[in-house]
Amino acid sequence: MGWTQKDLAQKLDVGTSTVGMWCVGKSTPAYSVMIELFKLGMTPEEMFGAEIAKIFGTPPRESDEVFERRVKAALLNLLNPIKTQPF
């Protein structure tokens, strides 16, 4: 989108160093920030890569509550996979 890390940080009301940590993979944005990134135009593929983006389906629209629920469910599944019996 042509924004600097500082521009994005201001749009999201986070620190520039926070955005920098996301960019190098040292941390990830909170769920609420991910939704804001989608609203700003970032696609699931840009955020997670093509394979994982398939989970999310259609790109979001600002008021798409269904998409937000799907994102939350997909993120919960990625972060908390179903536990199977121990080996």
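Asp13 lies in the loop that connects α1 (5-12) with α2 (16-23); helices (H or I, at least four residues) are DSSP runs numbered from the N terminus. The model is predicted, so that local features need pLDDT of at least 70 and side-chain atom pairs count only at pLDDT 80 or more, while totals for chains, interfaces and linings use all residues. Residues are numbered from 1 along each chain as its sequence is written, and side-chain values use heavy atoms, with hydrogens and water left out. Although Asp13 is not a glycine, its phi is positive, at about 60°. Most residues other than glycine have a negative phi. Asp13 is exposed, with a relative accessible area of 72%; exposed stands for over 50%, buried for under 20%, and partly exposed for values in between (1.4 Å probe, protein chains only).

The secondary structure of the protein chain consists of six helices and zero strands. Of its 87 residues, 24% count as buried. Among contacts (heavy atoms within 4.5 Å) between residues at least 6 apart in sequence, 32% join residues at least 24 apart.

Helix α3 spans residues 31-39, and its buried residues include Val33, Met34, Ile35, Leu37 and Phe38. Glu36 and Lys39 also belong to α3, three residues apart, or about one turn of the helix. Their side chains form a salt bridge, with an N to O distance of 3.8 Å. A salt bridge is defined here as a side-chain nitrogen of Lys or Arg within 4 Å of a carboxyl oxygen of Asp or Glu, and by this rule the count is one. Both partners are partly exposed, Glu36 with a relative accessible area of 36% and Lys39 with one of 38%. After α3 comes Gly41, which has a positive phi near 115°.

The largest pocket has a volume of about 440 Å³. A pocket is an open set of points on a 1 Å grid over the protein atoms alone, where a 1.4 Å probe fits, with protein on both sides within 12 Å along at least five of seven lines; lining residues have an atom within 4 Å of a point. The volume is the space filled by probe spheres set on the points, which are joined across faces, edges and corners. The lining comprises 19 residues, of which Leu8, Cys23, Leu37, Met42 and Glu46 are the closest to the centre. Two or more lining residues come from each of α1, α2, α3 and α4 (44-48).
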